[in-house]
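Welcome, and thanks for taking a look at this one with me. Here are my notes as numbered points, to be read alongside the model.

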Amino acid sequence: MASTIPAAPEGYIHAGPVSDFLPPSSSSPTSAQNGDSGTDIVNGEATTCPAVSAPTTTITTPTPAKTVETTETLKASCKPQEDQLIKVIEIPQPAGRYPPQKRVAVSFFHNKWYAFINICPHQGSALSRGTMTDIEDMGIVWGAGVTCSLHDWTFDASSGQSDSTRFVIDTHDVKEIDGHIFVSQKPKNAHIAGPRRDFGGREMN
């Protein structure tokens, strides 16, 4: 029997069940890793992470001369796939606004939800064909970005800004409620200054 869809929060639309926005191999977006046992807890059940054998380490001491060999076993990380699914939905716009439907891409990346307009402002390519990527500074990851597959323009998936252009892409809030995804109808980054371009609401490439 199909689960009941929760009521949408004010200003949000229902985008679909969580499973629609995850790669087929992902069991749950909220799996929690147990570092002591080398397992993931997925939907209340333990899933064993494969063990990885580290190379044998040889230590030599001069007096008395002896060799000690040790083999360390490491727990493999059970983190989600890096090539996260980016799915496109359509959000109805207020009456009289053009285009009447706004195409928004939704992605679950590094245990966090992101939503952004699906059109790159450069030449109108679909950002859903691109990839999610870490935004780093001096080796420290401080955000997530989406990189267009056409010319590698990258935009911050939260602020919509880019370090290579003045253009900004609209980004939207995402809520996960009882296994369902809801996306805000209005952009969350409207306060960010910069030119936008949506090519009439449809991808050009």
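Where is the place of Lys186? Lys186 sits in the segment after S17. Before going on, please note that this is a predicted model, in which local features need pLDDT of at least 70, side-chain atom pairs count only at pLDDT 80 or more, and totals for chains, interfaces and linings use all residues. Residues are numbered from 1 along each chain as its sequence is written, and side-chain values use heavy atoms, with hydrogens and water left out.

1. Lys186 counts as exposed, because its relative accessibility is 66% (exposed means over 50% relative accessible area, buried under 20%, partly exposed in between, with a 1.4 Å probe and protein chains only). In sequence, Lys186 and Gln93 are 93 residues apart, yet their C-alpha atoms are 8.6 Å apart in space.

2. Strand S17. Strand S17 covers residues 180-184, and five of its five residues are buried (helices, H or I with at least four residues, and strands, E with at least two, are DSSP runs numbered from the N terminus). Look at both faces of S17: His180, Phe182 and Ser184 are buried on one side, and Ile181 and Val183 are buried on the other.

3. The partners of S17. Strand S1 (residues 12-17) runs antiparallel to S17, with five bridges joining them (two strands pair if DSSP finds at least two bridges between them). Here Tyr12 stands opposite Ser184. Strand S16 (residues 174-177) is also antiparallel to S17, joined by four bridges, and Lys175 stands opposite Phe182. S16 and S17 make a hairpin with two residues between them, and Asp178 in that turn has a positive phi of about 50 degrees.

4. An open sheet. Another group to find is an open sheet of four strands, in the order S9-S10-S11-S15, with antiparallel pairing. Why does one side of S9 and of S15 lack a neighbour in the sheet? Strand S9 (86-92) and strand S15 (171-172) stand at the edges and each has a single partner strand, so one side of each is left without a neighbour.

5. Eight of the nine residues of S10 are buried, so S10 is largely enclosed by the rest of the structure. Seven bridges join S10 to S9; across this pairing, Lys87 stands opposite Val106 and Ile89 opposite Val104. With strand S11 (residues 112-117), S10 pairs in the antiparallel sense over six bridges, and Phe109 stands opposite Lys112. S10 and S11 form a hairpin with two residues between them, where His110 in the turn has a positive phi of about 50 degrees.

6. Lys102, a lysine worth a visit. Lys102 lies in strand S10 (residues 101-109). Is Lys102 buried or exposed? Lys102 is buried, because its relative accessible area is 10%. Its side chain makes polar contacts with the side chains of Asp170 (2.8 Å) and His172 (3.2 Å) (a polar contact is a pair of N or O atoms within 3.5 Å; within protein, one must be able to donate a hydrogen and the other to accept it, and residues adjacent in sequence count only if both atoms are side-chain atoms). Leaving aside neighbours within four places in sequence, Lys102 is in contact with residues including Ile89, Gln93, Ile117 and Pro187 (contact means heavy atoms within 4.5 Å).

7. Cysteines without a disulfide. The structure holds zero disulfides (a disulfide is a pair of cysteine sulfur atoms within 2.5 Å). Cys120 is in no disulfide, and its nearest cysteine sulfur, that of Cys148, is 4.0 Å away.
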